[in-house]
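Subject: Structure for your review

Dear colleague,

Please find the structure below, together with its sequence. I would be grateful if you read the notes that follow with the structure open beside them.

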Amino acid sequence: MFSFIKDKVKSAISNITDRFDKEAEIVETKEKILEEAAEILEEKKVIKEEKKKETKTEKKKLVQEATKKEEVKEEKKGFFAKVTEAVTTKKISESQFEELFWDLEVELLENNVAFEVIEKIKQDLKAKLIDVALKRGEVEKIILQSLKESIEEVLDFESFDLVEAVKKKKEKPYVIVFIGVNGSGKTTSIAKIAHMLKKHNLSCVLAAADTFRAASIDQLEEQGKRVGVKVIKHDYGSDPAAVAFDGVKYAQQKRIDVVLIDTAGRQHSNINLMDEMKKIIRVSKPDLKIYIGEMIAGNDCIDQIKDFDAAIHIDGVILSKAEIDEKGGTAISVSYVTKKPIYFLGVGQELDDLKVFQKEGIIKNLFS
Ligand SMILES: Nc1nc2c(ncn2[C@@H]2O[C@H](COP(=O)(O)OP(=O)(O)OP(=O)(O)O)[C@@H](O)[C@H]2O)c(=O)[nH]1
Ligand SMILES: [Mg+2]
């Protein structure tokens, strides 16, 4: 994860820096030639004048003159040093910036970084580069620092501790509904979460509220066996809301801490299936509605979260299949664009392949 975006962004930054350095180098070379030419002229003038002076008084005069010239030369050196410094510190205009940023913009887009995030990175960088005196060699450092700060701000959402949230709720059970399009990883994520909760000594039950897809109930039962938790189920084709309701009731009776409700994959545009989801939510009164999105789906995943949130309100997100997405732009963009926190990353098919989403880890991955 992230290695691809890291390499591509690094190479874009190095292109920008090379171009900046080359321009500065040309100006610097020109100024050096001018400086040397002026020094040669100065020396020639001194020699010419030296020849003119023959008498002792003249020699005395010459010494005085030479001293004077030395002073002038000293003054000139200071001046040239200043000029050299002025050309090695260069300013970038708005139009030059647009041209230089293009490389970076393309790499960010190709790595699934959302348009809104690119715009923020661009504005932040603009403020640090345009019309600011820049020294050769420091441009790369400025770009990297600015990128890091922008991404830190983009990922600025409260981290969420599910175990703590469950423990805090006095009236058990704590109910979670898992929502997403077909095959996004809902059922697998449920098994991973149940496994994690068990490790924290929290009991849970799974509700097979996907009564629609063939073999979905059997799949959840298999996962239940794998984790060692009970599955509440009805027949295929029965009302999913009734299964969810039974799951909650069972947990209340047996004093089980958490109910994890599996639902069928659906598109937000399917009115019937969205009405069905509203009914599941109405009867199970979930504490948390988690959207499971495939990280590799990029901007599609972000659009889906926005659409589902508009229809049924989403609390947070699990990005699945993160280990097979080398780009990483989705993880950076989701919360900034949708304003929803990312709770976990799914990083494989095993029960332990669930990672708490940590901003620090992402930043370290990208910039180390
Ligand atoms: N590599 C990888 N595969 C995953 C991950 N999460 C889920 N999968 C796989 O993705 C496929 C679909 O996962 P499911 O959990 O069945 O997805 P779902 O959303 O329940 O699917 P439907 O119920 O059909 O809508 C399965 O083959 C899973 O093993 C993950 O984090 N990494
Ligand atoms: Mg499923």
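A polar contact is a pair of N or O atoms within 3.5 Å. That cut-off applies to the contacts described next. Please note that this is a predicted model.

Polar contacts of ligand 1

The backbone of Lys321 places a polar atom 3.0 Å from an oxygen atom of ligand 1. The backbone of Gly346 also takes part, with an N or O atom lying 3.3 Å from an oxygen atom of the ligand. In Gln349 the side chain is involved: one of its N or O atoms is 2.6 Å from an oxygen atom of ligand 1. Taken alone, ligand 1 exposes 650 Å², and the protein buries 82% of that area.

The shell around ligand 1

There are 18 residues around ligand 1, and those that come nearest are Lys186, Thr187, Thr188, Glu323 and Gln349. Helix H7, which covers residues 186-199, supplies the largest share of this shell, with four residues. By class, eleven residues of the shell are polar, six are charged and one is nonpolar.

The largest pocket

The volume of the largest pocket is about 270 Å³. It is lined by 17 residues, of which Asn182, Gly183, Lys186, Arg213 and Gly265 are the closest to its centre. H7 gives the largest share of this lining, namely three residues. The lining is made up of ten polar, four charged and three nonpolar residues.

With kind regards

Conventions
Residues are numbered from 1 along each chain as its sequence is written. Chains are lettered from A and ligands numbered from 1 in the order in which they are written. This is a predicted model: local features need pLDDT of at least 70, side-chain atom pairs count only at pLDDT 80 or more; totals for chains, interfaces and linings use all residues. Side-chain values use heavy atoms; hydrogens and water are left out. A residue is near a molecule or strand if one of its heavy atoms lies within 4 Å of it. A polar contact is a pair of N or O atoms within 3.5 Å; within protein, one must be able to donate a hydrogen and the other to accept it, and residues adjacent in sequence count only if both atoms are side-chain atoms. Accessible areas come from the Shrake-Rupley method with a 1.4 Å probe; for residues, only the protein chains shown count as cover. Helices (H or I, at least four residues) and strands (E, at least two) are DSSP runs, numbered from the N terminus. Ala, Val, Leu, Ile, Met, Phe, Trp, Tyr, Cys and Pro count as nonpolar, Asp, Glu, Lys and Arg as charged, and the others, Gly among them, as polar. On a 1 Å grid over the protein atoms alone, a cavity is a set of points where a 1.4 Å probe fits but cannot get out, and a pocket is an open set with protein on both sides within 12 Å along at least five of seven lines; lining residues have an atom within 4 Å of a point. Grid points are joined across faces, edges and corners, and a volume is the space filled by probe spheres set on the points.
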